[in-house]
Amino acid sequence: MDKAAKKNSWVSDNGIWVVLIVLVVLASIATGGKFATVGNATTLLTSESVKGIMAFGVALAILSKGIDLSTGAVAALSGVVGAALCQLEGGSKLWGTSTMPAIVGILAAVAIGVFVGFLNGAMVAYLHLHPFIATLGTQLMCRATAKMISNKPVSNLSDGYRFLGRFHSGAFYMIVVVFLIFCICLGFMLNFTRFGKSIYAIGGNDQAARVAGINVEHSLVKVYMWCSLCAAVAGVLLGGRTGSVDPSTTGLNYELDAIAAATVGGTSQTGGICRISGVICGILIMGVINNGLVMMGVDDNVTNIIKGLIIIGSVAFDMRKNRVKV
(Lines give C-alpha, C1' and ligand atoms only; values in the text may rest on other atoms or scores of the structure.)
Protein backbone atom coordinates (compact mmCIF):
# COMPACT_ATOMS: atom_id res chain seq x y z
CA MET A 1 0.00 0.00 0.00
CA ASP A 2 1.49 3.36 -1.03
CA LYS A 3 1.60 6.45 1.17
CA ALA A 4 -1.45 8.07 -0.46
CA ALA A 5 -3.53 4.95 0.08
CA LYS A 6 -2.39 4.71 3.70
CA LYS A 7 -3.27 8.36 4.26
CA ASN A 8 -6.74 7.91 2.76
CA SER A 9 -7.26 4.80 4.89
CA TRP A 10 -6.25 6.67 8.05
CA VAL A 11 -8.59 9.56 7.25
CA SER A 12 -11.44 7.14 6.55
CA ASP A 13 -10.86 5.26 9.82
CA ASN A 14 -10.15 8.20 12.13
CA GLY A 15 -11.67 11.26 10.49
CA ILE A 16 -14.78 11.00 12.66
CA TRP A 17 -12.66 11.56 15.79
CA VAL A 18 -11.26 14.71 14.22
CA VAL A 19 -14.85 15.86 13.65
CA LEU A 20 -15.62 15.21 17.33
CA ILE A 21 -12.62 17.27 18.47
CA VAL A 22 -13.55 20.13 16.15
CA LEU A 23 -17.13 20.12 17.47
CA VAL A 24 -15.92 20.20 21.07
CA VAL A 25 -13.66 23.18 20.29
CA LEU A 26 -16.44 25.04 18.46
CA ALA A 27 -18.94 24.35 21.25
CA SER A 28 -16.45 25.59 23.85
CA ILE A 29 -15.86 28.81 21.92
CA ALA A 30 -19.54 29.40 21.21
CA THR A 31 -20.49 28.99 24.89
CA GLY A 32 -17.65 31.08 26.25
CA GLY A 33 -15.89 28.07 27.77
CA LYS A 34 -18.96 26.86 29.67
CA PHE A 35 -19.11 23.71 27.55
CA ALA A 36 -15.60 22.54 28.43
CA THR A 37 -16.15 21.97 32.14
CA VAL A 38 -16.10 18.79 34.21
CA GLY A 39 -19.67 19.37 35.33
CA ASN A 40 -20.96 19.72 31.80
CA ALA A 41 -18.96 16.70 30.62
CA THR A 42 -20.62 14.68 33.38
CA THR A 43 -24.04 15.95 32.33
CA LEU A 44 -23.32 15.06 28.71
CA LEU A 45 -22.16 11.52 29.53
CA THR A 46 -25.04 10.71 31.86
CA SER A 47 -27.67 12.13 29.53
CA GLU A 48 -26.30 10.40 26.44
CA SER A 49 -25.73 7.02 28.13
CA VAL A 50 -29.38 6.05 27.60
CA LYS A 51 -29.39 6.95 23.92
CA GLY A 52 -25.97 5.34 23.63
CA ILE A 53 -27.28 1.99 24.86
CA MET A 54 -30.08 2.26 22.30
CA ALA A 55 -27.48 3.02 19.64
CA PHE A 56 -25.61 -0.18 20.53
CA GLY A 57 -28.82 -2.07 19.81
CA VAL A 58 -29.73 -0.23 16.61
CA ALA A 59 -26.16 -0.58 15.29
CA LEU A 60 -26.55 -4.37 15.22
CA ALA A 61 -29.83 -4.07 13.31
CA ILE A 62 -28.26 -1.72 10.76
CA LEU A 63 -25.25 -4.02 10.47
CA SER A 64 -27.61 -6.82 9.41
CA LYS A 65 -29.00 -4.48 6.71
CA GLY A 66 -32.09 -3.74 8.79
CA ILE A 67 -33.44 -0.98 11.02
CA ASP A 68 -35.42 -0.70 14.24
CA LEU A 69 -37.83 2.20 14.66
CA SER A 70 -39.50 0.77 17.76
CA THR A 71 -36.76 1.29 20.35
CA GLY A 72 -38.12 4.54 21.79
CA ALA A 73 -41.61 3.07 22.21
CA VAL A 74 -40.17 -0.16 23.65
CA ALA A 75 -38.31 1.95 26.23
CA ALA A 76 -41.62 3.61 27.16
CA LEU A 77 -43.58 0.36 27.42
CA SER A 78 -40.86 -1.47 29.34
CA GLY A 79 -40.32 1.53 31.59
CA VAL A 80 -44.04 1.83 32.40
CA VAL A 81 -44.35 -1.87 33.27
CA GLY A 82 -41.21 -1.92 35.41
CA ALA A 83 -42.10 1.35 37.15
CA ALA A 84 -45.68 0.22 37.83
CA LEU A 85 -44.39 -2.83 39.69
CA CYS A 86 -42.00 -0.75 41.80
CA GLN A 87 -44.22 2.15 42.85
CA LEU A 88 -44.13 2.87 46.55
CA GLU A 89 -47.23 2.45 48.68
CA GLY A 90 -49.53 5.46 48.94
CA GLY A 91 -50.65 7.90 46.31
CA SER A 92 -52.14 6.62 43.04
CA LYS A 93 -50.48 3.21 42.80
CA LEU A 94 -51.16 1.92 39.29
CA TRP A 95 -52.14 -1.71 39.87
CA GLY A 96 -52.93 -1.63 43.57
CA THR A 97 -50.42 -4.40 44.29
CA SER A 98 -47.71 -4.29 46.95
CA THR A 99 -44.40 -2.79 45.90
CA MET A 100 -42.27 -5.43 44.20
CA PRO A 101 -38.51 -5.80 44.70
CA ALA A 102 -36.54 -3.73 42.20
CA ILE A 103 -35.17 -6.83 40.49
CA VAL A 104 -38.73 -7.96 39.68
CA GLY A 105 -39.56 -4.65 38.01
CA ILE A 106 -36.29 -4.60 36.08
CA LEU A 107 -36.66 -8.20 34.90
CA ALA A 108 -40.27 -7.57 33.88
CA ALA A 109 -39.19 -4.55 31.84
CA VAL A 110 -36.41 -6.56 30.19
CA ALA A 111 -38.79 -9.45 29.47
CA ILE A 112 -41.21 -7.07 27.72
CA GLY A 113 -38.37 -5.73 25.61
CA VAL A 114 -37.02 -9.14 24.64
CA PHE A 115 -40.53 -10.32 23.70
CA VAL A 116 -41.09 -7.32 21.43
CA GLY A 117 -37.66 -7.94 19.90
CA PHE A 118 -38.62 -11.56 19.25
CA LEU A 119 -41.77 -10.41 17.46
CA ASN A 120 -39.78 -7.91 15.38
CA GLY A 121 -37.21 -10.54 14.47
CA ALA A 122 -39.84 -13.14 13.61
CA MET A 123 -41.67 -10.72 11.31
CA VAL A 124 -38.44 -9.78 9.55
CA ALA A 125 -36.93 -13.27 9.35
CA TYR A 126 -39.93 -15.53 8.81
CA LEU A 127 -42.69 -13.29 7.43
CA HIS A 128 -40.12 -11.44 5.30
CA LEU A 129 -41.53 -8.03 6.21
CA HIS A 130 -39.23 -5.10 5.57
CA PRO A 131 -37.65 -4.09 8.92
CA PHE A 132 -38.90 -0.54 8.45
CA ILE A 133 -42.53 -1.67 8.23
CA ALA A 134 -42.29 -4.34 10.94
CA THR A 135 -40.69 -2.07 13.53
CA LEU A 136 -42.87 0.91 12.62
CA GLY A 137 -45.88 -1.25 13.41
CA THR A 138 -44.50 -2.35 16.77
CA GLN A 139 -43.53 1.23 17.53
CA LEU A 140 -47.17 2.30 17.23
CA MET A 141 -48.43 -0.70 19.20
CA CYS A 142 -45.91 -0.36 22.04
CA ARG A 143 -46.54 3.36 22.50
CA ALA A 144 -50.31 2.80 22.45
CA THR A 145 -50.06 -0.09 24.93
CA ALA A 146 -47.97 2.04 27.29
CA LYS A 147 -50.67 4.75 27.19
CA MET A 148 -53.38 2.14 27.80
CA ILE A 149 -51.56 0.91 30.90
CA SER A 150 -51.37 4.43 32.28
CA ASN A 151 -52.69 7.70 30.91
CA LYS A 152 -50.36 9.70 33.15
CA PRO A 153 -46.73 9.48 34.32
CA VAL A 154 -45.91 6.58 36.64
CA SER A 155 -43.95 8.04 39.54
CA ASN A 156 -43.14 7.56 43.25
CA LEU A 157 -40.68 4.80 42.41
CA SER A 158 -38.66 2.80 44.91
CA ASP A 159 -35.01 3.66 45.51
CA GLY A 160 -34.00 0.16 44.41
CA TYR A 161 -35.62 0.61 41.01
CA ARG A 162 -34.01 4.03 40.62
CA PHE A 163 -30.55 2.78 41.59
CA LEU A 164 -29.23 2.05 38.08
CA GLY A 165 -30.31 5.39 36.69
CA ARG A 166 -29.67 7.65 39.67
CA PHE A 167 -26.89 6.32 41.92
CA HIS A 168 -23.55 8.06 41.85
CA SER A 169 -20.63 8.51 44.18
CA GLY A 170 -18.17 11.23 43.26
CA ALA A 171 -17.16 10.64 39.65
CA PHE A 172 -18.75 7.16 39.68
CA TYR A 173 -22.12 7.14 37.92
CA MET A 174 -23.99 3.83 37.70
CA ILE A 175 -25.78 4.87 34.50
CA VAL A 176 -22.41 5.34 32.78
CA VAL A 177 -21.25 1.96 34.12
CA VAL A 178 -24.30 0.28 32.53
CA PHE A 179 -23.48 2.08 29.28
CA LEU A 180 -19.90 0.74 29.40
CA ILE A 181 -21.13 -2.79 30.13
CA PHE A 182 -23.32 -2.75 27.02
CA CYS A 183 -20.47 -1.25 25.02
CA ILE A 184 -18.18 -4.11 26.09
CA CYS A 185 -20.90 -6.69 25.35
CA LEU A 186 -21.43 -5.38 21.82
CA GLY A 187 -17.70 -5.16 21.18
CA PHE A 188 -17.23 -8.74 22.39
CA MET A 189 -20.13 -9.99 20.27
CA LEU A 190 -18.88 -8.33 17.12
CA ASN A 191 -15.25 -9.31 17.45
CA PHE A 192 -15.10 -12.59 19.33
CA THR A 193 -18.28 -14.57 18.75
CA ARG A 194 -19.63 -16.64 15.91
CA PHE A 195 -22.88 -14.72 16.17
CA GLY A 196 -21.08 -11.42 15.51
CA LYS A 197 -19.26 -12.80 12.50
CA SER A 198 -22.57 -14.15 11.22
CA ILE A 199 -24.20 -10.71 11.39
CA TYR A 200 -21.33 -9.19 9.40
CA ALA A 201 -21.82 -11.93 6.80
CA ILE A 202 -25.61 -11.48 6.68
CA GLY A 203 -25.26 -7.73 6.29
CA GLY A 204 -22.71 -8.18 3.53
CA ASN A 205 -24.65 -10.81 1.56
CA ASP A 206 -27.37 -12.89 3.17
CA GLN A 207 -27.46 -15.44 0.35
CA ALA A 208 -23.72 -16.03 0.62
CA ALA A 209 -24.20 -16.35 4.38
CA ARG A 210 -26.76 -19.11 3.82
CA VAL A 211 -24.37 -20.94 1.52
CA ALA A 212 -21.74 -20.67 4.27
CA GLY A 213 -24.08 -22.52 6.64
CA ILE A 214 -25.31 -19.56 8.69
CA ASN A 215 -28.87 -19.80 9.98
CA VAL A 216 -29.95 -16.36 8.81
CA GLU A 217 -33.43 -16.47 10.33
CA HIS A 218 -32.25 -17.40 13.84
CA SER A 219 -29.53 -14.78 13.69
CA LEU A 220 -31.94 -12.02 12.67
CA VAL A 221 -34.31 -12.89 15.50
CA LYS A 222 -31.40 -12.59 17.94
CA VAL A 223 -30.43 -9.23 16.41
CA TYR A 224 -33.83 -7.70 17.10
CA MET A 225 -34.04 -9.29 20.55
CA TRP A 226 -30.73 -7.61 21.40
CA CYS A 227 -31.98 -4.33 19.98
CA SER A 228 -35.13 -4.37 22.10
CA LEU A 229 -33.19 -5.57 25.15
CA CYS A 230 -31.07 -2.43 24.87
CA ALA A 231 -34.23 -0.33 24.55
CA ALA A 232 -35.82 -1.95 27.61
CA VAL A 233 -32.75 -1.30 29.75
CA ALA A 234 -32.77 2.28 28.47
CA GLY A 235 -36.38 2.57 29.64
CA VAL A 236 -35.41 1.37 33.12
CA LEU A 237 -32.54 3.87 33.23
CA LEU A 238 -34.79 6.72 32.13
CA GLY A 239 -37.28 5.90 34.88
CA GLY A 240 -34.52 5.67 37.45
CA ARG A 241 -32.85 8.89 36.33
CA THR A 242 -35.97 11.08 36.23
CA GLY A 243 -38.05 9.34 38.91
CA SER A 244 -41.04 8.76 36.65
CA VAL A 245 -42.04 7.23 33.33
CA ASP A 246 -44.41 9.13 31.05
CA PRO A 247 -45.97 6.78 28.47
CA SER A 248 -46.42 9.67 26.05
CA THR A 249 -42.94 11.21 26.13
CA THR A 250 -40.49 8.67 27.56
CA GLY A 251 -38.12 7.61 24.79
CA LEU A 252 -39.93 9.80 22.26
CA ASN A 253 -37.74 10.15 19.13
CA TYR A 254 -34.84 8.47 20.94
CA GLU A 255 -34.72 5.90 18.15
CA LEU A 256 -33.81 8.69 15.73
CA ASP A 257 -30.88 9.82 17.88
CA ALA A 258 -29.77 6.19 18.18
CA ILE A 259 -29.94 5.67 14.41
CA ALA A 260 -28.12 8.95 13.85
CA ALA A 261 -25.35 8.01 16.30
CA ALA A 262 -24.83 4.60 14.70
CA THR A 263 -24.89 6.05 11.18
CA VAL A 264 -22.60 8.96 11.98
CA GLY A 265 -20.29 6.42 13.61
CA GLY A 266 -19.83 4.63 10.30
CA THR A 267 -22.33 1.78 10.58
CA SER A 268 -23.27 1.35 6.93
CA GLN A 269 -26.92 1.46 5.91
CA THR A 270 -26.03 -1.04 3.20
CA GLY A 271 -25.07 -3.56 5.90
CA GLY A 272 -21.92 -5.47 6.75
CA ILE A 273 -19.88 -2.55 8.15
CA CYS A 274 -19.74 -1.52 11.82
CA ARG A 275 -17.03 -0.59 14.29
CA ILE A 276 -17.74 -0.26 17.99
CA SER A 277 -15.28 2.63 18.28
CA GLY A 278 -17.15 4.43 15.51
CA VAL A 279 -20.48 3.95 17.25
CA ILE A 280 -19.03 5.37 20.48
CA CYS A 281 -17.73 8.38 18.58
CA GLY A 282 -21.10 8.83 16.89
CA ILE A 283 -22.81 8.81 20.29
CA LEU A 284 -20.41 11.46 21.58
CA ILE A 285 -20.86 13.61 18.47
CA MET A 286 -24.64 13.59 18.82
CA GLY A 287 -24.22 14.31 22.54
CA VAL A 288 -21.94 17.28 21.88
CA ILE A 289 -24.40 18.65 19.31
CA ASN A 290 -27.41 18.23 21.63
CA ASN A 291 -25.64 19.60 24.68
CA GLY A 292 -23.91 22.45 22.87
CA LEU A 293 -27.06 23.69 21.16
CA VAL A 294 -29.02 23.58 24.42
CA MET A 295 -26.32 25.63 26.16
CA MET A 296 -26.45 28.13 23.30
CA GLY A 297 -30.22 28.45 23.70
CA VAL A 298 -31.01 27.16 20.22
CA ASP A 299 -34.66 26.28 19.60
CA ASP A 300 -35.50 22.55 19.73
CA ASN A 301 -36.93 22.68 16.23
CA VAL A 302 -33.65 24.03 14.87
CA THR A 303 -31.82 21.29 16.76
CA ASN A 304 -33.99 18.64 15.10
CA ILE A 305 -33.38 20.20 11.68
CA ILE A 306 -29.63 20.01 12.29
CA LYS A 307 -29.86 16.38 13.43
CA GLY A 308 -31.95 15.56 10.36
CA LEU A 309 -29.34 17.09 8.10
CA ILE A 310 -26.63 15.10 9.89
CA ILE A 311 -28.50 11.83 9.29
CA ILE A 312 -29.06 12.64 5.61
CA GLY A 313 -25.45 13.73 5.16
CA SER A 314 -24.06 10.63 6.89
CA VAL A 315 -26.13 8.26 4.78
CA ALA A 316 -25.27 10.15 1.58
CA PHE A 317 -21.58 10.01 2.46
CA ASP A 318 -21.84 6.30 3.26
CA MET A 319 -23.56 5.55 -0.06
CA ARG A 320 -20.98 7.56 -1.99
CA LYS A 321 -18.11 5.82 -0.21
CA ASN A 322 -19.51 2.37 -0.95
CA ARG A 323 -20.22 3.30 -4.57
CA VAL A 324 -16.61 4.38 -4.98
CA LYS A 325 -15.41 1.06 -3.52
CA VAL A 326 -17.54 -0.85 -6.00
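Four salt bridges occur in this structure, which is a predicted model. Side chains of opposite charge can pair when their charged atoms come close.

One of these salt bridges joins Asp257 to Lys51, with 2.7 Å between the closest N and O atoms. Asp257 belongs to helix 11 (residues 254–264) and Lys51 to helix 2 (residues 38–63), so this pair ties together parts that are 206 residues apart in sequence. Both Asp257 and Lys51 are buried.

Asp257 also pairs with Lys307, and here the closest N and O atoms are 3.0 Å apart. Through shared partners, the salt bridges join Lys51, Asp257 and Lys307 into one network.

Another salt bridge links Asp159 and Arg166, whose closest N and O atoms are 3.1 Å apart. Asp159 is exposed, with a relative accessible area of 56%, while Arg166 is partly exposed at 38%.

The nonpolar residues come next. In soluble globular proteins, nonpolar side chains tend to be buried together. The largest nonpolar core in this model contains 87 residues, and those with the most contacts inside it are Phe56, Leu60, Tyr161, Phe182 and Leu186. Helix 10 (residues 216–242) contributes the most to this core, giving 14 residues. Leaving aside residues up to four places away in sequence, Phe182 touches Ile53, Phe56, Trp226, Cys230 and Val233.

Terms used
Residues numbered from 1 in each chain as written. Predicted model: local features only at pLDDT ≥ 70, side-chain atom pairs only at ≥ 80, totals over all residues. Heavy atoms only, no water. Core = buried A, V, L, I, M, F, W, Y, C linked by side-chain atoms within 4.5 Å. Buried < 20%, exposed > 50% of the residue type's maximum accessible area, 1.4 Å probe, protein only. Helix = DSSP H or I, 4+ residues; strand = E, 2+ residues; numbered from the N terminus. Contact = heavy atoms within 4.5 Å. Salt bridge = Lys/Arg side-chain N within 4 Å of Asp/Glu carboxyl O.
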